[in-house]
Amino acid sequence: MASSSFMAILTLAFLMLIRTTNAQLSTKFYSSSCPKLFSTVKSTVRSVIQKETRMGASLLRLHFHDCFVNGCDGSLLLDDTSSFTGEKNAVPNKNSARGFNVVDKIKSAVENVCPGVVSCADILAIAARDSVTILGGPSWDVKLGRRDTRTASQAAANNSIPPPTRNLNQLISTFNALGLSTRDLVALSGSHTIGQARCTTFRPRIYNETNLDSSLAKTRQSNCPRTSGSGDNNLAPLDLKSPTSFDNSYFKNLIQKKGLLHSDQQLFNGGSTDSIVRAYSNSYNTFSSDFAKAMIKMGDIKPLTGSKGEIRKNCRKPN
């Protein structure tokens, strides 16, 4: 009898170990531990976007820049210290990634309703979804259960986040390496239907490239001087037609040679993705459906689960 009880306990312990080490993300992860999570995040995101529409694009971008660097683990949110160099000052993020104070505000609101339960990495995933839906885009069931890393890598951020200078083959390779298909690449690039870009990211295109609508080039040149260092942080909308609405205008722009970034126009430049761009430009429903699926896939990139990592109390520093 004692022997069978011992075996039962051993089996249970083994099963719990498997569950801990191979934990999976779930859409219902916090259903009992933090039932007010979704409403808390959404109300905070909505209030912020009502004050500044651009913040929706910024929050979406934070999730993207987090997931592309060693997985969706909240590494981007860690501040530099005298003994630690994080990702905020990596080339793709410095003077560019924004909304960290908003993440702090969301985290504080969540901590008020369920302290020590929800990770910063999961907050990024939820805030990205809510930003898209509030700006008129699709919704999707966010998979949760990520934990926060205690480390970050500026070098990995410099190497992993694709810059706007990439050509189509480079973009496809970068996304494929993370388990994202070419179709995912085009769909996720559609996030540029909202938000703004800095002059420094599109200056080479508006002065040097020919596959660009001449009137758009002239308009952008008026606010982005040719000389490097002059007006670097001047902003322009990524989507000329409807920069504050999550729609499919971005793809219609590409067909008209009105992609603002070099990497944008690469998606419609006589290559293998032209047909996907056309399909999305013709059907918002096709784009929004594929975008939602791609966001779920992106959120699955190397999450920390089970007993790995931690649940940060402050998104800016390890516990």
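**Exposed and buried serines**

Q: Is Ser82 buried or exposed?
A: Ser82 is exposed, because its relative accessibility is 84% and the cut-off for exposed is over 50%. Keep in mind that this is a predicted model.

Q: Where does Ser82 lie?
A: Ser82 sits in the loop between α3 (54-67) and α4.

Q: How many Å apart are Ser82 and Lys302?
A: Their C-alpha atoms are 28 Å apart in space. Along the sequence, Ser82 and Lys302 are 220 residues apart.

Q: What about Ser43, where is its place?
A: Ser43 is in helix α2. Its relative accessible area is 40%, so Ser43 counts as partly exposed.

Q: And what separates Ser43 from Asp130?
A: Their C-alpha atoms are separated by 9.3 Å. Along the chain, Ser43 and Asp130 are 87 residues apart.

Q: Which residues does Ser249 touch?
A: Leaving out residues up to four places away in sequence, Ser249 touches Thr193, Asp239, Lys241 and Ser242.

**Disulfides**

Q: New topic. How many disulfides does the structure hold?
A: Four. A disulfide is a covalent bond between the sulfur atoms of two cysteines.

Q: What pattern do they follow?
A: Counting bonded cysteines along the chain, the pattern is 1-4, 2-3, 5-8, 6-7.

Q: Take Cys34. Which residue does a disulfide join it to?
A: Cys34 is joined to Cys114, with S to S at 1.8 Å. This link has -45° about the S-S bond and is left-handed.

Q: Where are Cys34 and Cys114 in the chain?
A: Cys34 is in the loop between α1 (2-21) and α2 (37-51). Cys114 is in the loop between α4 (100-113) and α5 (120-134). The pair links distant parts of the chain, 80 residues apart.

Q: Is Cys34 buried or exposed?
A: Cys34 is buried, at 3% relative accessibility. Cys114 is also buried, at 5% relative accessible area.

Q: Which residue is Cys67 joined to?
A: A disulfide joins Cys67 to Cys72, with S to S at 2.0 Å. The torsion about that S-S bond is about 115°, so the disulfide is right-handed.

Q: What's the relative accessibility of Cys67?
A: It is 0%, so Cys67 counts as buried. Cys72 is buried too, with a relative accessible area of 0%.

Q: And Cys199, what is its partner?
A: Cys199 is joined to Cys224, with S to S at 1.9 Å. The torsion about the S-S bond of Cys199 and Cys224 is about 70°, so this disulfide is right-handed.

Q: Which parts does that pair tie together?
A: Cys199 lies in helix α9, residues 199-208. Cys224 is in the loop between α10 (214-221) and β2 (235-237). The pair therefore ties together parts that are 25 residues apart in sequence. Cys199 and Cys224 are buried.

Q: Staying with α9, which of its residues are buried?
A: Cys199, Phe202, Arg203, Arg205, Ile206 and Tyr207.

Q: What covers them?
A: The cover of α9's buried residues includes β1 (196-198), α10, β2 and α12 (262-265).

**Helix packing**

Q: On to helices. At what angle do α7 and α8 cross?
A: Roughly 105°, with the axes of α7 (residues 168-177) and α8 coming within 9 Å. So α7 and α8 are roughly perpendicular to each other.

Q: Which residues make the contact?
A: From α7, they are Leu168, Leu171, Ile172, Phe175 and Asn176. From α8, they are Thr182, Leu185 and Leu188. By class, the contact of α7 with α8 has six nonpolar, two polar and no charged residues.

Q: How do α8 and α13 pack?
A: α8 (residues 182-189) and α13 (residues 274-282) pack at an angle of about 45°, with axes 10 Å apart. That angle makes α8 oblique to α13. The crossing of α8 past α13 is right-handed.

Q: And which residues make that contact?
A: α8 brings Arg183, Val186 and Ala187, while α13 brings Ile276, Val277 and Tyr280. The contact of α8 with α13 has five nonpolar, no polar and one charged residues.

Technical notes
Residues numbered from 1 in each chain as written. Predicted model: local features only at pLDDT ≥ 70, side-chain atom pairs only at ≥ 80, totals over all residues. Heavy atoms only, no water. Contact = heavy atoms within 4.5 Å. Axes fitted to C-alpha atoms, helices over the stretch in contact; angles between N-to-C directions. Helix = DSSP H or I, 4+ residues; strand = E, 2+ residues; numbered from the N terminus. Parallel < 35°, antiparallel > 145°, perpendicular 65-115°, else oblique. Left-handed = near helix turned anticlockwise from the far one by under 90°. Nonpolar A, V, L, I, M, F, W, Y, C, P; charged D, E, K, R; others polar. Disulfide = S-S within 2.5 Å. Buried < 20%, exposed > 50% of the residue type's maximum accessible area, 1.4 Å probe, protein only.
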